[in-house]
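Please examine the sequence and the structure shown here.

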Amino acid sequence: MRTLTDLGRFAAFSTLFLLLGHGLSVRNLLAPPPEPRLEVVLAGVQQQFRTDLDTLLLTVAEYAEAAAVGAPASTLRTLHLRSRLHFKRCEYLLEYIEPETVKRYLNGAPLPKIEPGVPEVVVVEPVGLQVLDELAFADSLDYGALGEQTRLLYRTLTKVIPYMQGRRLQHRHVFEAAREEVIRMFTLGVTGFDTPGSIAALPEALASLERLEAVYIGYGAHVARGDAALDETIRTAFREGRKLLRVADFDTFDRLAFLQLTADPLLAALPRAQALLGIESVADDKRLARPVNQLATSLFAPDFLNADYYDRLSDSPYDAERRALGELLFFDPVLSEELSMSCASCHRPELAFTDGKALSVRRNAPTLVNSVYAERYFYDLREEFLERQARHVVMDAHEFATDFGSIEARLRQSDTYRLLFDSAYADQPQYALSAWSVSDALAHYVSNLRGFDSAFDRYARGETEVLEPGVRRGFNLFMGKAACGSCHFAPTFSGLVPPFYRENESEVLGVPAAVRWEGAAVDPDPGRIASGRPEDEAYFHAYAFKTPTVRNVTVTAPYMHNGVYLTLAEVLDFYNRGGGKGIGIYLEHQTLPFDSLGLTAPEMADIVTFMESLTDYKQLDHRPTELPRFERRAEWNGRN
Ligand code: HEC
Ligand code: HEC
């Protein structure tokens, strides 16, 4: 006779076999109860965000109160730092949901801006946590300003927070916001970009990172079930990041290690986790070209930035042909009135597409390598479209001194050119050889002068393991103590602003007219204020210039818009003295911090070594072997 326990055992076994028959393993049966469903995880993230916002508001209230009653500096600073830490915990979602509000009211650069979208020039004075960072850590406190700024911040938050708390998040938002925050942390946060006074950049990055980690943990159990290694990668990246941030001080923090152990692994793994969980992604929609490629695996991957977004050229099966045609045009002096000059006269491939002269026309010729990665072109940011760039050159009396009509007529004298245009623009025969197609082909060529293949890039993304010793030190200085990376942003090391990479900055450095280390006079070029764009006519754009890339600077001397400096050592000397201010030029609206950087000679040498490791123009250094023949103008065939 079967005992009761036997029966029980039998029942248990039969259930077990039944379940196994349904594809469930013993392991699953014995596993702890299932993790909260994804919706529950999301609700937790949402709840955390609400709590973080409440805490932020309370802290800022306390801060404003303390400022109003004239509390001692130490109290104010503590409250300031605490407010910023709370801000950093909500930052990823605040920035994701309302980047404009954050920039304008909460944590924008402490610089005046122009009101966007209004016909007249309206200057908006800066407000928010960055302004406060300078005020709270100034040598002597301006209680009036502190009181006003904290009150304003509090008032703004009382309006913004209920709105934010009412927003319904989706999984997609959480993952994309987290990825953006990783980029923000590496490119801005740890450079001290938004902590000009307190330099509390590392504790702040830690606060952001820990919040992202806590958010991830909820999802992690689900990720681990599908791909345990992926989950482990993500957890390790968070852990390593925390370790690095906890022990370091601002000047010695190893930013390259942070990139390789934390930022890049997260950048690569978060979208994979997102896909694994079946969460929709912007990357799924190929039609939406965005500045940042959602699937790039490193900040220094060649496809981290999406060139299609910037060049605004329509994608077509003819791209390769148009680029090849553009290359011929770029090197062809037939485009200039006297057949004496081509684009390549001033943009020589063997000099990373510069010309080695101080001034080529009015200004120094900038490199064209990676020039596509910009929202605006030229030192004064006057042009938005790459394909319209050619127009400036063609018409200029000092350049091609001609017009598109003549160029078109000339090119028609060559059967080779006509065939090339007919073929490259076969889909638009009405424009085959036209002003438009000439510019379009040139733009295709220039847009494809792309780098991201220097020794530094290859090391950073883990392709090689050799790096000159000075480079690591130089990079950390560049991104930290010397503050270069807070204007020359990674990865282009130009003024293209992360983490959205949609906007180019111009800056006022006080570049002198001639090399003088005291009593210098500012270079008379008015810069952006004279760009011809009405909205640029604001006092703080006087002497403002586009922040150029420092990639390939080994061969782009002389430097600055007027080519004033012949060597990188001179450039470093200029910065180390506090720019114009340090050499006798007083521009009140200089955006480069006035203080000397206090860099030692070996430190400056390391920064130069780092910049030298950003050299990759050689892969682009070639010219067409021959230019098209002109059957009807034999005398032009000797041109070069
Ligand atoms: C006479 C010398 C000269 C010639 C010829 C010339 N350029 Fe330039 N180029 C310059 C200078 C100088 C600048 C910067 C001007 C400024 O910022 O105001 C510049 C700027 C540019 C820029 C903007 C780069 C940036 O990052 O903002 C592009 C693109 C460019 N040139 C492409 C071309 C093309 C294409 C041609 C041929 C159609 C050409 N250039 C011919 C001197 C020249
Ligand atoms: C406040 C923003 C800012 C900071 C900080 C800054 N730069 Fe610049 N940098 C610029 C701007 C703007 C230009 C162009 C100025 C001009 O042409 O008049 C420039 C130009 C340069 C150039 C010349 C590039 C060329 O092709 O002519 C080099 C090299 C350079 N910077 C290196 C550095 C280094 C190294 C540091 C840190 C010590 C640094 N920059 C810090 C904004 C900045």
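A residue is near a molecule if one of its heavy atoms lies within 4 Å of it. The shell of ligand 1 has 26 residues, of which Cys343, Cys346, His347, Phe378 and Tyr379 are the closest. This is a predicted model, in which local features need pLDDT of at least 70 and side-chain atom pairs pLDDT 80 or more, while totals for chains, interfaces and linings use all residues. Residues are numbered from 1 along each chain, ligands are numbered from 1 in the order in which they are written, and side-chain values use heavy atoms, without hydrogens and water.

Which atoms of Phe378 and ligand 1 lie 2.6 Å apart? They are a backbone N or O atom of Phe378 and an oxygen atom of the ligand. An N or O atom in the side chain of Arg363 is 2.8 Å from an oxygen atom of ligand 1, and for the side chain of Lys546 the value is 3.0 Å. Among the elements that give two or more residues to this shell are α14 (343–346) and α18 (435–447).

Helix α10 covers residues 228–247 and reaches 29 Å from its first C-alpha to its last, close to the expected 28 Å. Its buried residues (under 20% relative accessible area, with a 1.4 Å probe and protein chains only) include Leu230, Ile234 and Phe238. The buried residues of α10 pack against α9 (201–226) and α11 (255–276).

Helix α11 also holds Gln274. Why does Gln274 count as buried? Gln274 does so because its relative accessibility is 5%. Its contacts (heavy atoms within 4.5 Å) include Arg172, Phe175 and Ser281.

Methods
Helix = DSSP H or I, 4+ residues; strand = E, 2+ residues; numbered from the N terminus. Expected span 1.5 Å × (residues − 1). Buried < 20%, exposed > 50% of the residue type's maximum accessible area, 1.4 Å probe, protein only. Polar contact = N/O pair within 3.5 Å; in protein donor to acceptor, adjacent residues only side chain to side chain. Lists of a residue's contacts leave out its neighbours within four places in sequence.
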